[in-house]
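Hi everyone, thanks for coming. Today I'd like to walk you through some backbone details, so let's bring the model up on the screen.

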Amino acid sequence: MSLFLFLLLLLLFIPISLSQAPPRGLLINCGAQSEAQFDDRTWLPDWSFVSSGSPKTLTSPVLFPTLQTLRSFPRQVKKHCYNVPTYRGAKYLVRTTYFYGGVNGVDHPSPPVFDQILDGTLWSVVNTTGDYANGNSTFYEGVFMAQGKIMNLCIGSNTYTDSDPFISSLEFLILEDSLYNTTDFNSFGLALFARHSFGNSGSPIRYPDDQFDRIWVPFEQSSSAIASTDNVSVYGFWNLPPAKIFETHVGSEQLESLELRWPTALLPSSKYYIALYFADNTVGSRVFNISVNGITYYHNLIVIPSGSVVFASQWPLSGPTTITLTPDASSTRGPLINAGEVFYLLPLKGRTSTRDVIALEKVKESLRNPPPDWNGDPCMPQQYSWIGITCSEGPRIRVVTLNLTGMDLSGSLSPSVANMTALTNIWLGNNSLTGQIPDLSSLKMLETLHLEDNQFSGEIPSSLGNISSLQEVFLQNNNLTGPIPANLIGKPGLDVRTSGNNFLSPPAS
C-alpha cells in the first residue's frame, strides 16, 4: 500500500486501564526556584537544565500553577538551550508550553514570535498571539526518539522576534514502544497538529485517563450530527488511547454520509500521520467507507465494541481537510467517529558528529568567556549554528572551521580541539588566550593555524611540521619560547610567522 495505510482490529489484547501510574519522564517548571507538586506529580525547577536566561514570576492570575513562572531569554543571543538527560533509543513525548503574561513590559503587549528547535531540527515557529489574546496558554507537542543521552530543546530568535522569547514549562515523557510505531524515528519526528475527542463537550482528556498525558481536546460537531455516551469496552490498540475518548462520538443514526471538517485549521502541504478511532456496541451494524478530501482512506470499516483504529503513516495533505464517512449498503446504522490525531511528519535534519560535539564542549569549558550562543547542536539547524563554526554538509556533519578571531576571548585552548579531525582552519588570533599550544598532529586536514596576537607560552609543538596539508602557521606576538622546530623552517608551501616571541633562534619571519 503506497500510502502506508493500515487497519488495526485490536489483535494485541493490551488492556486500557483507567487506573494509571504517572507518566515516566521529566516535568520542568521553567523559571521556578524549587521543586513543587501539582496534581500528585513532581515538577522540577529548570536551573539545572539551562545556563542562560532569567527566571521571572507573573503577577497576573493563571489557569495552572506552572504558568506562574517562566524563563525569559535575551533575543540578542540567537539560541538558548535546555539540556535534558534521556535514555538513548527511548521514544519521548516532548511538550512545550508558553504563557506570556506581558513579561516584556508595556512596550510589548503581544508575545514575541520565535523558533523552537529539537536537537538539530527546527521543530516549529512559536506564535502564541491568538491564544494569549483569549487568555489561554499555548502548547506544542511532538514525538521524538532520543538519539543520545541528552536531548536539546532550544529557543531561537528569528527575524520576527521583536522582544525577548520565553518558555513556561517543558515535559519529556517516555512512551511505550508500540505507540506510533510505523514511523521511522531515526529519520522523522511527529509534530502534533490536532488531537480531538469528538462529541466531548467537557474538559480536555489527559492524565490520569491517558497514561502518557496526551491532551485530547474536546470537539463538537455541528447540529447535523449527534454526540452520545456509549458503554464500550476497548482494548488492544498499539497507540494505547485512553478509554475515555470512546465514551463520546459524533455521528448519525441515519443512513447518510457524515462530513467532518477536521482539522479545522488549514494544513501546510506535507505528509501526515493520521489516526482515526472508532468503537460502538449498539444493536445493528455500522459499516462505512472513509475518505479524506475525496480520496478513499479505508473501505468497509466495521465498527465493533472492542474498537478499531485506521491510520496512515504518510498521507499527503494540504489546505482544508474534510473526512467523509459514507455508509455501506450492508449497514443498518449511520457512521460515527470517536477521536482522531494528526501529526506533521517532521524530517530530522541531522546532528553534529558526537566526536566534534564532545570536543567543542571541552573547548568551551577551557574558555573563560565562550560565545553566548554556544548551546545545543553546534552545526544544526544551519541558521542557528554556533558563532565561529563552519560545518560540512551531507549525512555526517563535521566541524571544518573554528574562527573566533578578535572575540576578546581568555582562557586556554583545550587539547580536545585535536579530536575535531575534520578541521581545515583554526583562526583564534587577536584574543588573550594563554597556556601551551596543544599537539595538533591528529588534524591531518588542517591547512591554516592562526594563533597570532595572544599570550600563548611554551614551545611550538614540533608535530606541526608533520601535518602535510598545513599552509599557514601564524604565531607572531605571543610569549612562545624555545627553538623553532626545524621541520617548520623553510618548508616549501608553508608560510610560518613567528615574530614577537622569545625564541632561542631567529624567527622565520
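Let's start with Asp213, which is buried, its relative accessible area being 1%. By buried I mean under 20% relative accessible area, with exposed being over 50% and partly exposed in between, using a 1.4 Å probe and protein chains only. Asp213 sits in the loop between β15 and β16, and its phi is near 60 degrees, a positive value in a residue other than glycine.

A quick word on what we're looking at. This is a predicted model, where local features need pLDDT of at least 70, side-chain atom pairs count only at pLDDT 80 or more, and totals for chains, interfaces and linings use all residues. Residues are numbered from 1 along each chain as its sequence is written, and side-chain values use heavy atoms, leaving out hydrogens and water.

A cis peptide bond joins Tyr207 to Pro208, with omega about 10 degrees.

Where is the other cis bond on my list? Trp262 and Pro263 are joined by it, and omega is about -5 degrees. Pro263 lies in the loop between β19 (258-261) and β20 (267-278).

Finally, Asp119 has a positive phi, near 55 degrees. Its place is the loop between β9 (114-118) and β10 (121-126), and Asp119 is buried at 6% relative accessible area.

Notes. Helix = DSSP H or I, 4+ residues; strand = E, 2+ residues; numbered from the N terminus.
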